[in-house]
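These are my notebook entries on one structure, written down in the order in which I looked things up.

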Amino acid sequence: MQPRRVSSTALARIPAALQDNAIFAGHSRDVLGKMSGEVAREQRGSRQLRAQNNRRRERSFHICVRAVALLILGSAAPSAFAQTGASEHSVAIAELPQDLSPWGMFIHADTIVKAVMIGLAIASLVTWTVWVAKSIELFSARAAVRRGLRVLMDSATLAQAHEQLRNATGPVAHLMQAAASEIRFSANLRADGLKERIAWQLERIEMAAGRKISRGTGVLATIGATAPFVGLFGTVWGIMDSFIGISKAHTTNLAVVAPGIAEALLATALGLVAAIPAVMIYNVLARSTTHYRALIGDASAQVMKLVSRDLDRAKLPLSHAAE
């Protein structure tokens, strides 16, 4: 008769005392020992299997957690970037002036840049004022010299010309009056130095008339030479202020620095607007002044011709000495 096999679960429930007595169906102690060893191996195997299953579950849990974290970060990053870009865009729009017209840029410009712009605007106003005033003055002065020159050319003697220009004003009348006065003062003198004395006086009158007509044109040369550099100073100052604003705002957005650069460049534009017309008007007035001086020179030569003619025609000892 073969012994009955006892399951491991049933053997685990057998008390130790009963196992020692070996009262179960004639099982021997050796059989029970073998059964106990098998039960122990099965328990170790089950524990190892449970540990492996636990490790697999933990590994699967960690993989799932990482996947969820990556999904969350992937969905949150674009929204955060969008929020950052939106905030920078809103900051740029808040700092960007809405009015970028010349007047708006002038209003939003730095104090130094404003002062430069105002100075250049005043210089431009002075340029056009000088042009209008000197153009009118030169036109009337040339017309007066031409009328006096026609009188001198139509006169046969110095006395006849002096009679027509007695009450006139202008450089030609001054030339005639100076020649007549010198002749009166030299009535009892030798005629050797009369022409030289009259020529000296006429030359001084010519120079005085040229200085008078050129008065006010020097400022045009100054404006034409310095206005571009003044505008450049305003531009450099405005760009420096813009870069300082970038460092304070901690952003490199072009919308932050563009208005300041535009305001700075406006100063350069105003400098060119003031300088270019000043140079052109100065050249025009210089040519007109040269023409005016040439007309006065013609009038002076005509006066000297009448003086020489009268000296040659006179019957006085003065005339013989002049010959």
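My opening question was this: are α5 and α8 roughly parallel or roughly antiparallel to each other? Before answering, I noted that I was working with a predicted model.

**Entry on two helices.** I learned that two packed helices are described by the angle between their axes and the distance between the axes. For helix α5, which covers residues 111-154, and helix α8, which covers residues 194-214, I found an angle of about 150 degrees, with the axes 10 Å apart. Angles over 145 degrees count as roughly antiparallel, and α5 and α8 are therefore roughly antiparallel to each other. I then looked up the residues that meet, and found Lys134, Glu137, Leu138 and Ala141 on the side of α5, with Lys212, Ile213 and Ser214 on the side of α8. Sorted by class, this contact has three nonpolar residues, one polar residue and three charged residues.

**Entry on threonine 127.** Setting aside the neighbours within four places in sequence, I listed its contacts as Leu220, Ile223, Ala274, Pro277, Ala278 and Ile281.

**Entry on aromatic pairs.** How many aromatic pairs are there? The count came to two. In one of them, the rings of tryptophan 128 and tryptophan 131 have centres 5.8 Å apart and planes at 85 degrees, so I wrote this pair down as edge-to-face. Tryptophan 128 and tryptophan 131 are three residues apart in helix α5, which means that about one helical turn separates them. Both count as partly exposed, tryptophan 128 with a relative accessible area of 41% and tryptophan 131 at 34% relative accessibility. Phenylalanine 233 and tryptophan 237 also form an aromatic pair, a tilted one, with 6.2 Å from centre to centre and 45 degrees between the planes. These two residues lie four apart in helix α9, residues 218-249, so they too are separated by about one helical turn. Phenylalanine 233 counts as partly exposed at 44% relative accessibility, and tryptophan 237 is partly exposed with a relative accessible area of 34%.

**Entry on the whole chain.** Last, I stepped back and noted that the secondary structure comes to eleven helices and zero strands. Of the 323 residues of the chain, 30% count as buried, and the chain exposes about 20600 Å², of which carbon and sulfur atoms supply 64%.

Terms used. Residues numbered from 1 in each chain as written. Predicted model: local features only at pLDDT ≥ 70, side-chain atom pairs only at ≥ 80, totals over all residues. Heavy atoms only, no water. Buried < 20%, exposed > 50% of the residue type's maximum accessible area, 1.4 Å probe, protein only. Areas by Shrake-Rupley, 256 points an atom, 1.4 Å probe, with all protein chains shown as cover. Axes fitted to C-alpha atoms, helices over the stretch in contact; angles between N-to-C directions. Parallel < 35°, antiparallel > 145°, perpendicular 65-115°, else oblique. Contact = heavy atoms within 4.5 Å. Nonpolar A, V, L, I, M, F, W, Y, C, P; charged D, E, K, R; others polar. Phe/Tyr/Trp six-rings, centres within 6.5 Å; stacked < 30°, edge-to-face > 60°.
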